[in-house]
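Dear colleague,

Please find below the structure that I am handing over to you. My notes on it follow directly after.

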Amino acid sequence: MSLNPSKVAPEPEPEPEPEPEQEAGPGPGPEAQGPGPEGESGPPAGPGPEPEPPSAAGQDREPERGRAAGPSAEPPPPPASRPEALRAPRPRCRTDCLEAPLSRAFQRLGRKVGAHPWVFLLLPVALTAVLGTGLMYLPRDGDEDLEEQYTPIGSPAKAERRFVQGHFTANDSLVFSVSRKSTDVPYASLLVVSDTETLLEPDILEEISKVDDAVQALTVTQDNGTQIPYSEVCAKNQGACVPPNPLLFAWKRNKGLNLTAITFPIYSPAGQIVSLANILGGTVLGPSQALLQAKAMRLQYYLETGEGEENERSKAWTIHFLTKFGSFEKSLALKKIQVVYFSSLSRKLEFEATSRTVVPLFHLAYLLIILFAIVSCYRCDCVRNKMWVAVFGVVSAGLAVVSSFGLMLYVGVPFVLIVTNSPFLILGVGVDDMFIMISAWQKTSLADSVSERMSAAYSQAAVSITITTLTNVLAFYTGVMSSFRSVQYFCIYTGTTLLFCYFYSITCFGACMALDGKREEVCLRWLEKPGTPGQNCSSFKKSCCLPGSSLQDGWKADIHPMNLFFRDYFGPLLTSTKSKIFVVLLYVSYIITSICGCFRVEEGLDLRNLASDDSYITPYFNVEEEHFSTYGPRVMVIVTGVLDYWDKDARQRLEKCLADFENSEYVDENLTEFWLREYVNYMENLRQDINDKTVFLSTIPTFLMEFPLFAYDINVTSSQEIVCSRAFIQSIGISSSTNKKLMLLQFRDMAEKCDVPLMVYNPAFIYFDQFSAIVENTVRNVVVASAAMFIVSLLLIPHPLCSLWVTFAIASVIVGVTGFMAFWNVNLDSISMINLVICIGFSFDFAAHISYAFVSSAEPSANHRAIEALYLLGYPVLQSAVSTIIGVCVLYAAKAYIFRTFFKIMFLVMVFGAAHGLIFIPVFLTFF
């Protein structure tokens with residue numbers, strides 16, 4: 001948004017010596033009031049010349065004095081106003097400590113751009129061509145690490161994983177156990193749902209068996225002709241592939257299996273204990289845990305893990321499975337079951353596929369912004385018409401995207417998928433500087449030279465485009481403090497692109513304005529008859545001066561109808577007593593609803609949202625959530641230090657801590673697995689003294705030979721010292737992100753409070769950590785960005801009341817956006833956190849300019865000051881919000897959650913920010 005908070009009202013200067021007055025341009029706009037480029041200027045506007053002060057408010061301004069040498073013209077008469085004696089000017093603080101030198105610097109730059117436009121046009125284009133070659137480093141293989149980009153940096157789970165990897169063996173060549181893995185195992189997965197009440201029927205199990213046989217028969221042929229069957233890549237247990245489902249495996253071996261004698265969740269076929277948790281879903285139990293019904297079954301095909309060729313073979317088979325499953329499922333002609341599929345590669349592959357769906361939308365967004373720019377900058381005055389200049393302004397924003405992205409890729413900043421949101425935002429925000437520069441140009445005199453007009457226009461626009469760029473860039477760069485790399489990279493790319501937008505606006509786009517100024521001179525000379533510059537041109541010349549219709553007088557004001565609407569209709573209506581009461585009630589309702597919504601916001605990124613809506617993984621997750629949500633992951637409880645396990649007191653302390661875990665509402669106490677408990681029973685059966693250290697340690701090898709799986713749970717050194725060991729507990733009831741976070745925090749708290757050094761871990765905790773980190777990161781980024789905005793407001797808008805209203809608006813908009821996220825089904829995750837940081841910059845712009853226009857007004861009554869503030873800045877605020885919404889609105893049509901979320905939150909930011917700037921703050925200011 002490109003508004004100028006320190007130019008909303010001119011500051012009274014000491015009475016100067018009379019100077020020759022100069023033509024004021026298209027009208028005596030409030031910005032054309034300063035004593036020169038170093039003096040105070042009026043506010044910028046949208047894409048048209050600044051309107052004259054509202055006569056309804058009785059504001060009287062002195063005409064603009066000459067900014068540069070040139071032919072002079074009689075200024076138009078000032079608008080009607082009440083006698084000077086009846087006015088009661090209010091004292092206004094001095095605000096040009098930074099504005100004046102900045103305006104002088106831009107004045108000199110504008111003169112140079114006007115004198116040498118081709119240099120300033122071609123150099124940025126050449127720079128874009130050079131930096132644009134960096135786009136060749138755009139990742140084309142789509143190899144994006146989701147864990148690296150979307151989980152917190154330095155999360156506790158990553159440290160826990162390093163401990164597990166360093167202290168427990170990963171060699172599972174003999175016995176495979178997925179719960180003992182420190183990382184996710186490659187797999188293909190099927191969820192089978194019965195069309196009847198239960199699938200525990202022979203005919204249904206027969207259909208499931210057909211699906212299982214078809215999957216295990218899949219063979220992938222590589223480019224070199226090598227064939228890879230499932231039997232060569234499957235995870236093995238004692239030389240045989242691990243069964244995808246133990247119950248189905250038992251039935252296939254013995255189809256006379258008594259299906260009515262199955263117990264859940266523990267099943268003991270042939271004396272072997274098997275856990276059916278997460279294997280069967282939608283279960284109905286009878287007496288003694290008897291399994292009466294099961295609606296769904298999971299088939300999990302684990303693949304071999306390793307390095308190099310093993311991983312490549314597993315990956316090739318998995319991709320072949322994903323490619324072929326849909327076709328052979330139809331060929332099986334399944335009648336009684338529904339099957340959905342998934343794999344360990346699915347999230348990554350589908351996440352990468354979403355980026356391709358948004359590319360066509362970028363072209364549509366570009367077209368919409370060009371149309372908006374043309375409509376906003378079109379004038380019937382054929383000389384001053386700036387629609388083609390506006391088109392180049394959009395092109396300039398596109399050049400900024402190419403340059404910044406190329407530079408970032410050259411210096412090695414990773415390009416992650418959510419960065420593809422950035423161009424849409426840049427198109428909406430980047431054109432605002434163009435609007436304000438065109439507005440400043442339109443207020444210059446046609447009689448002046450191009451260099452003089454550029455000098456005057458740059459002087460007027462300096463603080464406006466600088467403060468908005470500074471606030472937005474600061475808001476983005478504070479995102480570098482985030483613990484999520486995806487947020488860091490997005491903020492770096494977008495903040496840098498905004499800087500390029502600023503640079504290209506004052507160079508490349510300014511040069512385009514200067515060249516168009518030369519067109520104005522040529523067009524004006526052609527339209528005017530020689531020797532009679534004031535005479536009207538012929539109808540033929542009017543019609544030939546494309547694309548306009550008439551040549552307006554150079555001194556006639558060009559007030560935009562929207563400015564008149566805010567002055568004559570909206571402002572008076574808003575400041576009426578009934579409207580104020582309604583606005584107060586509306587705000588109370590808004591803030592109460594927002595606060596209620598804040599307590600309903602879900603935290604964390606649901607991994608299913610990384611794929612497009614029509615992806616095959618969506619029904620998979622839906623089935624899993626419906627039928628398999630009772631049981632969560634099996635959690636390792638690790639004894640991290642040396643413990644005298646043969647000591648009875650030590651064992652009791654450890655058992656007490658383990659009992660605390662089992663008593664948690666998030667744990668099924670019947671599914672705990674602990675080698676020490678089994679070892680104690682083993683020793684007791686052998687009538688050995690469990691409390692004797694020598695006996696305890698010497699019997700362990702014999703125990704592990706009979707129970708080889710527990711060899712993965714004990715780390716015994718060569719000196720017969722147990723340096724660490726682990727137990728396993730089964731989590732339950734953690735289907736929601738809130739429960740996942742609470743479970744993780746509770747488990748870690750229990751481990752910390754235990755007398756024995758404990759640690760909890762599961763590979764899923766890598767992603768669960770985002771639930772606790774996201775709130776902390778969001779609050780920290782918002783506080784830091786808000787503090788930066790507050791400092792900027794004090795430096796550039798040194799008015800205490802203004803700074804307070806800016807702070808109020810930022811807090812209020814953030815609360816509103818966060819609360820309404822819950823009502824629009826948007827989670828608080830790394831993607832929405834980016835938008836909340838963006839929210840700060842826009843909240844600052846909307847609030848600062850309106851409130852400063854109010855406190856700087858000379859009007860005697862609060863209502864008149866509010867009307868004047870809306871008259872001067874109401875349309876630019878509305879225009880900025882609309883341009884940004886247009887830039888991102890096409891994302892609503894995207895099929896991916898991450899793109900729709902970006903639109904939703906930007907829409908909320910714009911609507912609530914504009915509502916505060918145009919409705920709430922003007923009304924509240926009248927109360928103080």
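**Findings from the predicted model**

In this predicted model, P265 sits in the loop that runs between α7 (246–253) and β6 (266–267). The peptide bond that joins F264 to P265 is cis, with omega at about 5°. Most peptide bonds are trans.

**Positive phi angles**

Two further residues deserve a check of their backbone angles. Most residues other than glycine have a negative phi. S288 is not a glycine, yet its phi is positive, at about 55°. The loop between β8 (280–285) and β9 (291–302) holds S288. With a relative accessibility of 68%, S288 counts as exposed, because the threshold for that class is over 50%.

R687 likewise has a positive phi, near 60°, and is a residue other than glycine. R687 is placed in the loop between α19 (675–685) and α20 (693–706). Its relative accessibility is 77%, so R687 is also classed as exposed.

**The chain as a whole**

The protein chain contains 26 helices and 15 strands. Of its 928 residues, 58% are buried. Among contacts between residues at least 6 apart in sequence, 81% join residues at least 24 apart. The chain exposes about 37000 Å², and carbon and sulfur atoms supply 60% of that area.

Which residues of helix α17 (residues 617–627) are buried? They are I617, T618, Y620, F621, V623 and H627. These buried residues pack against strands β1 (187–194), β8, β9 and β10 (337–343), and against helix α9 (346–377).

Strand β15 (residues 758–761) is covered on both faces. L758 and V760 are buried on one side, and M759 and Y761 are buried on the other. In a regular strand the side chains alternate between the two faces of the sheet. β15 pairs with strand β11 (residues 631–639) in the antiparallel sense, over four bridges. Within this pairing, I638 stands opposite M759.

**The segment after α26**

T926 lies in the segment that follows α26 (897–925). At 12% relative accessibility, T926 counts as buried, because the limit for that class is under 20%. A polar atom of the T926 side chain lies 2.5 Å from the backbone oxygen of V923. Apart from neighbours within four places in sequence, T926 is in contact with K580, F854, A862, N863 and A866.

**The second largest pocket**

What is the volume of the second largest pocket? The computed volume is about 920 Å³. Its lining comprises 33 residues, of which L138, P139, S355, F415 and T420 are the closest to the centre. Helices α9, α10 (387–411) and α11 (422–442) each supply at least two residues of this lining. The greatest contribution is that of α9, with 11 residues. Helix α9 is also one of the elements against which the buried residues of α17 pack.

With kind regards

Definitions and conventions. Residues are numbered from 1 along each chain as its sequence is written. This is a predicted model: local features need pLDDT of at least 70, side-chain atom pairs count only at pLDDT 80 or more; totals for chains, interfaces and linings use all residues. Side-chain values use heavy atoms; hydrogens and water are left out. Buried means under 20% relative accessible area, exposed over 50%, partly exposed in between (1.4 Å probe, protein chains only). A polar contact is a pair of N or O atoms within 3.5 Å; within protein, one must be able to donate a hydrogen and the other to accept it, and residues adjacent in sequence count only if both atoms are side-chain atoms. Contact means heavy atoms within 4.5 Å. Two strands pair if DSSP finds at least two bridges between them. Accessible areas come from the Shrake-Rupley method with a 1.4 Å probe; for residues, only the protein chains shown count as cover. On a 1 Å grid over the protein atoms alone, a cavity is a set of points where a 1.4 Å probe fits but cannot get out, and a pocket is an open set with protein on both sides within 12 Å along at least five of seven lines; lining residues have an atom within 4 Å of a point. Grid points are joined across faces, edges and corners, and a volume is the space filled by probe spheres set on the points.
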